[in-house]
Amino acid sequence: MGLGPQWQARDGWFEQHPAELERQAILHSRQQQSLASEASAAAQPPQQAVAAQASPVPSYSNQQPEHSAPLAAALHLPSDSARISVTPSPNVEEALLGWEQLEETVANCQRCQLCNTRTQTVFARGNPQARWMLIGEAPGEHEDRQGEPFVGKAGQLLDNMLAAAGLDRDRDVYIANVLKCRPPGNRNPAPEEILACQTYLQQQIRHVQPTLILALGRFAVQTLLQTEQSIGRLRGQLHQYQGIPLIATYHPAYLLRNLPDKAKAWQDMVLAKQHFARLSQPA
Ligand code: URA
């Protein structure tokens, strides 16, 4: 593609003090309860199936050696005994906001420090009734400016991959991020930011009820699957997020820096399409 990198790793981002993470988890749980009590019941939009597009599958023979990307998940503490979970406790009854109310809540969100530096929140793009849901990491500079996810160089690559897979970016997919606000300088999301934002993504998923989730990059994958395992280990198999089939793959921004891994990302897309076709067949 010849497109340069957009993201920079921030060393030590996961080395958060356990007590602080625990405090954030408790705070977040309270915020969810307060959100639930404020919420009014809202009708869910009708679901409409979008048929899978038949796509020619290019043959990729340039297999690359497995890339090792070990990374502690933002959402876990170093020891098993002190782990926190990004999934809200089943005891916390979270009311589903209507689309408009959810979007407005996100637009006015001040749950974490990112509200001080964002230009605007970035909610989603695509078709809310799509059968595919793609989940990325966080808005970058372009997304922060334009208010839409994946409009920068990583987005161009994603659009190309979708087109190659026979998926229309506006009709066939709904695209959202783990974070709705840009981390300054495109640094990695902090654990407390992911926790603060998690309910928004959960609500988006509950509204869309996708047939298949394609999780892009380690933050989306590790957040949704509640794991610290690398994408290299998680790709190539079907996972589940709260009963919804999920395929893990590399983030387009990572692929811009690691061009050989595009072959693997394409394999993931092919796998996702195969599962989607199977899942879309009448029982
Ligand atoms: N990277 C992401 O994960 N999301 C965007 O919206 C843009 C770049």
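## Strand β4 and its neighbours

Strand β4 and strand β6 (residues 244-249) run parallel and are joined by four bridges, where strands are DSSP runs of E with at least two residues, numbered from the N terminus, and two strands pair if DSSP finds at least two bridges between them. Within this pairing, L214 has I247 of β6 as its bridge partner.

The model is predicted, with pLDDT of at least 70 needed for local features and 80 or more for side-chain atom pairs, while totals for chains, interfaces and linings use all residues. Residues are numbered from 1 along each chain as its sequence is written, and side-chain values use heavy atoms, leaving out hydrogens and water.

## Burial of β4

Five of the five residues of β4 (residues 212-216) are buried, that is, under 20% relative accessible area with a 1.4 Å probe and protein chains only. L212, L214 and L216 lie on one side of the strand and I213 and A215 on the other, so that both faces are covered.

## The ligand site

Nine residues surround the ligand, the closest being E137, A138, F150, N177 and H251, where near means a heavy atom within 4 Å. By class, this shell holds four nonpolar, three polar and two charged residues.

Oxygen atoms of the ligand take part in polar contacts (N or O pairs within 3.5 Å): a backbone N or O atom of E137 lies at 2.6 Å, a backbone N or O atom of F150 at 2.9 Å, and a side-chain N or O atom of H251 at 2.6 Å. Taken alone, the ligand exposes 230 Å², of which the protein buries 100%, with areas from the Shrake-Rupley method and a 1.4 Å probe.

Terms used. Polar contact = N/O pair within 3.5 Å; in protein donor to acceptor, adjacent residues only side chain to side chain. Nonpolar A, V, L, I, M, F, W, Y, C, P; charged D, E, K, R; others polar. Buried < 20%, exposed > 50% of the residue type's maximum accessible area, 1.4 Å probe, protein only.
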